[in-house]
Structure formats: structure tokens, C-alpha cells
Amino acid sequence: MTLSPSLLPALAPLPVLIPLLTAAATLIVGRRPRIQQTISVAALTAMAVVSALLLYLADRHGMAALQVGRRPTPIGITLVVDRLSAGMLLVSAIVLLAVLVFAIGQGVKDGSDRQPTSIFQPTYLILAAGVSIAFLAGDLFNLFVGFEVLLGASFVLLTLGASTERVRAGVSYVLVSLVSSVVFLIGIALAYAATGTLNLADMSLRMHAIPEGVRAAICAVLLIAFGIKAAVFPLSNWLPDSYPTAPAPVTAVFAGLLTKVGVYSIIRIHELLLPPGVFDRVLLVGGLLTMLIGILGAIAQSDIKRLLSFTLVSHIGYLLFGVGLNSIAGMAGTVFYVAHHILVQTTLFLVVGLIERQAGSASLSRLGGLLAASPALALLFGVPALNLGGIPPFSGFIGKVRLLQAGAADGSVLAWILVVGSVLTSLLTLYALARVWSKVFWRPRAQAPEGALAAAAPSALIEESDDVLFEHRDDPGGMPASMVAPTAALIAVGLAMTVFAGPILAVAQRSAGDLTDSHRYLETVLGPPPTWPSGGDR
């Protein structure tokens, strides 16, 4: 049975509507946690199925646009579905579903007195809706709306439990987010004042009618806003202080998704709005510095969450590398690598949640002997760690090789510097994760500087780790199947990216072709060239 191309625009609003409507339903049944959990899991499962259909249709029939409310283009809300947005929706839905199941399992096993699940699940679904809005938005204003929806939800999730440490980190996160939102609003105001439109396709045309300096200034402001959200150096200092204090499921979904929405926005404006070649060197230099500063920060950490937060920053540099090359090969590498990184980074943070539950801490000074105590946990950490480090034949290696090939094909001095920096970053990532393995799993716990204290009195850790509530648990140190299963499922999806790397890379290549040929986007949103508003041709 062949699915009709007309299904593509018809399905486009569902990744937004499903989580929004079910968020309202979960609020209504807030006093019935089992019903609430069932609704939430069903909603994100449906979101994943719809996203898979969108990707299939977009890859088979090309991109499509939907004008909400039947207002004429470029007035009103435009939703655009192409291979990139559909792929991002699918990976996001998979991650959101796995993390939700993990969170439900953690709440059931550890008690939810400090984690108000009646608030968590509707807020989590609103976060999912905000991510979907950002990926589907065809205009700057609704891209801003998507950011604000997911950021508003993230403020609540980040401070669940209301511990002093979390509130302090939440305040820092809120302030940085407000600054980035204000900068984004300034960029939107400048763009509208200069072009008279907020529709990205229409703005892409009208940008040619304004002075080059004004165009560059507008795009620079937008790049700064998205650079903060994507944690690009030197705009990344906020991230390592904000994410590690949140509950393990929240940290995992933040690490996997939120920065990637910023990267997605950079890709969109790079292909539609930025003057050709003007900011490519800036992106390449920013990518190089983000890689190196991030991984050097990771090596210096003694807490696994903070270490992974710095590796998260570091690997954003790989994504900027592909974008800054301004080639189909580079963009294809970025599209593949962003999917890989969402899955692997989320998985590693979930594994850290299991380590905290198993051993009572995420501090390297207190951990040891987990290989003997829990070989399964060692395996759960080892596979995604090797994947993130870029060891063949994992998808991390495949994505990095594609980016290195694109850099070598570019041939410029800066591109070759990025190639060397990428290899060095990969080696240092492997070193940082091997250091975690050695200290957490290989050495005896008694040899850890604070291992004897942690082993003798795990309940003493309660004040330092709000996620590990030993007094609420009948099985301290255990790994319940309800938490292991979603973690293992994400590892399996990451391995599937390796097994099916050929077809996935082919989709990434076609997605890169769509992105670098902006005429396809313009024709999809605005119609054939004779119907385009005046303002020139891109």
C-alpha cells in the first residue's frame, strides 16, 4: 500500500497537538498516577509513530508545507516538514518516550515524594510540544514560540524537588535563557523591520533587497541567540552548571535535545538567511573552540554528570564543523551526527542515573568496583561510551569519518585544522570516558579516596544527591527492569544506526541536498517562482 503525499501536510500538526492535548488530559487525572502514566506513554508512542510516517513520506515524496488557518502565504503560521525536521521529530520522540519510561520506573521504585509526578508528566509533554513546534516552524516568530514553550517547561523540570542546589542552578539557567530569548527577540524585530515579514521563505527572498551590512548584522544577532541555546563556546559556560543538578531523567532529555534545537535553528538560518560564505569561517572557528575547550573541561571533572556535560558541549563543535563547511557532504555529516549524538548522550545520562542508584553517587572519588558488582551496568555504560568516543564500527565513528571526509574535500587550511581538532577531540573524549571506566568499574571501591565512606554509609549521601533516596527504597543498589529496559532500548537504537548506517546516511545525504538547495524550500512554502513576492531570487 502506497501512502498518499497529501497525508504529509495533514499529519504535520500532530506532533504538536498530541502532546499538548494529552498534557491537558494528564492534568485532569493528576490524582490517578497510573492513568496519567498510561496517557503520557501512549501520547509519546503516537508521536513517534506519526514522526516515522512523516519521515517516510518526506523522504519518498519531498517536503510539504501547511498553512494553519488557511491564511495566505506568507501571512499566518506555516508548518514545514522536510527530511531534516521529520528526522529530528522521530529521534526526539524516541528519546522522549524512553526517558519517560525511565522516569516512571524511577518514581515507582524510589518513591515520588520529592518528585511530584502529577506535575512532571504534563510539563514533560509540554516540553515535547515545544520541541515539535521548533522543528516544524516555518517562521521566526513561531520558532521563538517553540523555544519559549520548551524553555518554560524546562524551568519547571529543572527545579523538581526544590533542593537548594537545583533552585540555584535553575536561577542560572533561567537568567541565561532569558538573555538568549531577549537577543532572539531583538533579532526578530530587526529582521521584520528590514524585510517586513517573519516567514523564513519570504524573508530569504527579501534579504537580497537590503544592504549587505544590515543583513549580516541581523544574522549575527540570530546566530548569537541560537549559539547560546546550542551552548557554542564562548556562550556555553551556563550548561555544565545547570544540567547536572536536575533529576537523572530530566538531565538526560535536556542533554539529548535542548541544545540540538539550537543547532537545528543555526542550520535553518544558515541555509535560508545568512549571506553565502560570510559566517562560515566564524562557524568553523566556533566549532573548533567548542570542541577543544569542551573536552578539556571534561578531562578536569571529578563528577560524571559534569564530565558528560562538558562532552556534550564539545560535540556540538562537530555539528558546527559540518555546517560551516557549507557543502552537501558536510551538511550530510551533521545531519547524521546530530541523530547519533542525541541518542548516545541521552543514553549516557540515563546510565549515570543507574550508577547513582546502584552506588549512591556520581562522584569519581567515591566510586569503584562496579564491574564486579554489576557487569550489566558496566555493559550499559561501555557501549554508548565507545560510541561517543568514535570507536569503529559504531555510528559515532561513521559520523565523524563523514565529517572528516567533508573537511578533507574542502581542502582549505581552516578545514584541515578542524580535521586535526576533530581527531584530537575524539581521542580526548575516549580518554575521558576510559578514565570514568577505570575509576568507576575497574578499581576496587576501597581504593577510591572517599570509597570507604560511601560504602560504609550510603544513606549519608542523601543530602548530596536528591535522586538517590535510600530511605524510600526496599532494594538499595538494585537496578529495576523498568529503568534498565528503556536505557537498553536507546542503546539498541544507537546500534541500529550502525547496522543501518548506509540507508540512514542516504537519507542524510538527501536531506543535505534539500537544505543546500533553498529553492526547494521556497517553492514548497511560496509556490512556483512566478508567485513569489518581490525581493529577488536566492
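Which residues in H6 meet which residues in H9? Before you click, know that this is a predicted model, where local features need pLDDT of at least 70, side-chain atom pairs count only at pLDDT 80 or more, and totals for chains, interfaces and linings use all residues. Residues are numbered from 1 along each chain as its sequence is written, and side-chain values use heavy atoms, with hydrogens and water left out.

Now select Leu-140, Leu-143, Phe-147 and Leu-151 in H6: they meet Leu-222, Phe-226 and Lys-229 in H9. By class, this contact has six nonpolar, no polar and one charged residues (Ala, Val, Leu, Ile, Met, Phe, Trp, Tyr, Cys and Pro count as nonpolar, Asp, Glu, Lys and Arg as charged, and the others, Gly among them, as polar).

Next, show helix H6 (residues 140-158) and helix H9 (residues 212-230) whole; their axes come within 13 Å and cross at roughly 25 degrees. Axes here are lines fitted to C-alpha atoms, for helices over the stretch in contact, with angles from 0 to 180 degrees between N-to-C directions. Helices themselves are DSSP runs (H or I, at least four residues), numbered from the N terminus.

Jump to Leu-307 in helix H13 (residues 304-324). Leu-307 counts as buried because its relative accessibility is 0% (buried means under 20% relative accessible area, exposed over 50%, partly exposed in between, with a 1.4 Å probe and protein chains only). Leaving aside neighbours within four places in sequence, Leu-307 is in contact (heavy atoms within 4.5 Å) with residues including Ala-298, Gln-301 and Arg-435.

Last stop: Val-49 in helix H3 (residues 33-61), partly exposed at 47%.

Methods: Helix = DSSP H or I, 4+ residues; strand = E, 2+ residues; numbered from the N terminus.
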